[in-house]
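Good morning, and thank you for coming. Please look at the structure on the screen while I describe some of its contacts.

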Amino acid sequence: MKITAKNRVVITGMGVVAPNAIGVSAFAKALQEKISGLRFDPQLRDLNFGCQVSGTPEITEELLAQNFTPLQLRGLKASGLVYGVIAGKEAFKDAGLEIAGPEKAMSEMGIIFGTGQSGGEKYREAINLIDDGKVRRLGSTSVIQTMTSGISAWLSGELGCGNMVTSNSSACCTGTEAFLMGYERIAAGKATQMLVGSTSDSGPYIWGGFDAMRILPTKYNDDPENASRPFSNDAAGFVPGSGAGAFILESLESAQNRGVPIYGEVLGGAVNSGGHRGDGSMTAPNGKAVQDCIHLALKDAGIKSEEIDAINGHLTATSKDAFEIQNWSEALGRKGNNFPLINTFKSYIGHCLAAAGSVELVGAVLQLREQKIYANSNITALHSKITDLIDTNCVPLQSKGAAINILAKASFGFGDVNACVILKNYNY
């Protein structure tokens with residue numbers, strides 16, 4: 001079989017809507033200063049949720065007016081679509097791209113922007129209207145607000161993207177998977193630029209099922225900023241969050257021709273599934289498949305495990321945190337003080353579900369560009385099963401400068417699905 005050389009792919013634009021900050025520069029500042037976006041949520045209290053803490057982005061009327069027309073805002077209830085449009089437009093602008101003219105779409109630019117489900121509030125409104133026999137009052141935007149591909153279709157119309165335009169959906173892996181799908185399309189020469197990312201709605205209709213599963217923390221309703229506790233011996237479950245992250249991926253040749261700044265290079269990655277076999281299930285990861293995914297990502301990137309300087313993990317503040325560290329350690333063949341630096345942002349933003357991978361990837365890329373590692377927080381004491389495997393210094397508690405040439409970012413999702421991407425510092 002003939003092996004065709006891959007195009008090199010770089011990151012030229014980013015956008016983010018997170019619970020603790022809106023916009024890339026504000027998000028970098030929030031991570032640096034350990035600012036939490038976790039707050040008491042009165043709506044969850046009123047609906048008798050056990051966990052009454054959430055990570056919900058704070059969208060101002062000014063920000064809405066900057067990104068939507070008054071007509072577009074009429075009846076707009078899909079919060080995930082709002083987050084995704086704002087993040088996607090920021091990434092597009094950040095990359096120095098121009099919106100296509102009215103006559104012809106950009107054939108070399110596509111979109112892969114994923115979500116878990118869209119428009120919970122709009123769907124609820126629609127159901128009530130239909131049940132009341134008022135179907136004609138649904139309005140013309142109910143479909144685009146509730147269909148999974150609504151976010152990518154909306155962005156395509158705003159920007160004029162004429163290459164592949166689609167939405168993926170793979171639970172907590174959605175954002176990382178979309179990132180890799182866009183990378184692969186450019187690497188294969190099927191596109192020059194791809195807007196990739198993911199988004200997730202806010203609210204009780206998204207989070208209720210998780211509260212019913214009793215996997216959310218219930219003892220921190222009066223102390224919301226401490227509710228999400230990855231790595232810690234007293235981790236009590238993940239805090240539900242939401243938001244969006246977006247990227248412009250571009251062939252290196254195109255980026256150089258345009259003369260735009262480059263955040264970092266994408267070396268490769270992998271996605272796979274444990275198939276609910278072994279210790280895997282709908283809600284639990286198959287450890288062998290997780291390790292296989294990491295191995296496949298290293299192979300695709302053409303690097304050795306000892307070259308990884310830092311990991312931005314999935315690490316949701318559940319009982320599976322130690323299992324994730326075990327899988328990283330075994331997959332990389334590294335332990336003790338030979339283990340890479342590792343962190344997670346979920347103590348500040350909660351678990352943003354379908355948006356988790358893309359929001360966290362923004363932070364991971366910032367670490368690569370700024371040559372620093374952001375602090376972990378809310379750790380009473382590292383779980384003993386973690387300290388049995390790696391040195392405590394590998395889990396930084398303060399942000400600090402770090403020589404990061406290669407960084408691995410992974411997401412592991414419901415359905416026993418895995419995604420791992422390998423990023424490299426770009427040296428001009």
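This is a predicted model: local features need pLDDT of at least 70, side-chain atom pairs count only at pLDDT 80 or more; totals for chains, interfaces and linings use all residues.

A residue counts as partly exposed when its relative accessible area lies between the limits for buried, under 20%, and exposed, over 50%. Glutamate 370, with a relative accessible area of 36%, is therefore partly exposed.

Glutamate 370 has a partner: its side chain meets that of arginine 369 in a salt bridge, at 2.8 Å from N to O. Arginine 369 is also partly exposed, because its relative accessible area is 39%.

In general, side chains of opposite charge can pair when their charged atoms come close. How many salt bridges does the structure hold? There are 14 salt bridges. One of them joins arginine 8 and glutamate 265, with the closest N and O atoms 2.9 Å apart. This pair links distant parts of the chain, as arginine 8 lies in the segment before strand 1 and glutamate 265 in strand 9, 257 residues apart.

Finally, let us turn to two helices. The axes of helix 12, residues 287-301, and helix 13, residues 321-332, come within 9 Å and cross at roughly 45°. The two helices are therefore oblique to each other, and the crossing is right-handed. Among the residues that meet are Val290, Ile294 and Leu298 in helix 12, and Phe323, Trp328 and Leu332 in helix 13. By class, this contact has seven nonpolar, four polar and one charged residues.

Definitions and conventions
Residues are numbered from 1 along each chain as its sequence is written. Side-chain values use heavy atoms; hydrogens and water are left out. Axes are lines fitted to C-alpha atoms, for helices over the stretch in contact, and angles run from 0 to 180 degrees between N-to-C directions. Helices (H or I, at least four residues) and strands (E, at least two) are DSSP runs, numbered from the N terminus. Angles under 35 degrees count as roughly parallel, over 145 as roughly antiparallel, 65 to 115 as roughly perpendicular and the rest as oblique. A crossing is left-handed if the near helix is turned anticlockwise from the far one by less than a right angle, and right-handed if clockwise. Contact means heavy atoms within 4.5 Å. Ala, Val, Leu, Ile, Met, Phe, Trp, Tyr, Cys and Pro count as nonpolar, Asp, Glu, Lys and Arg as charged, and the others, Gly among them, as polar. A salt bridge is a side-chain nitrogen of Lys or Arg within 4 Å of a carboxyl oxygen of Asp or Glu. Buried means under 20% relative accessible area, exposed over 50%, partly exposed in between (1.4 Å probe, protein chains only).
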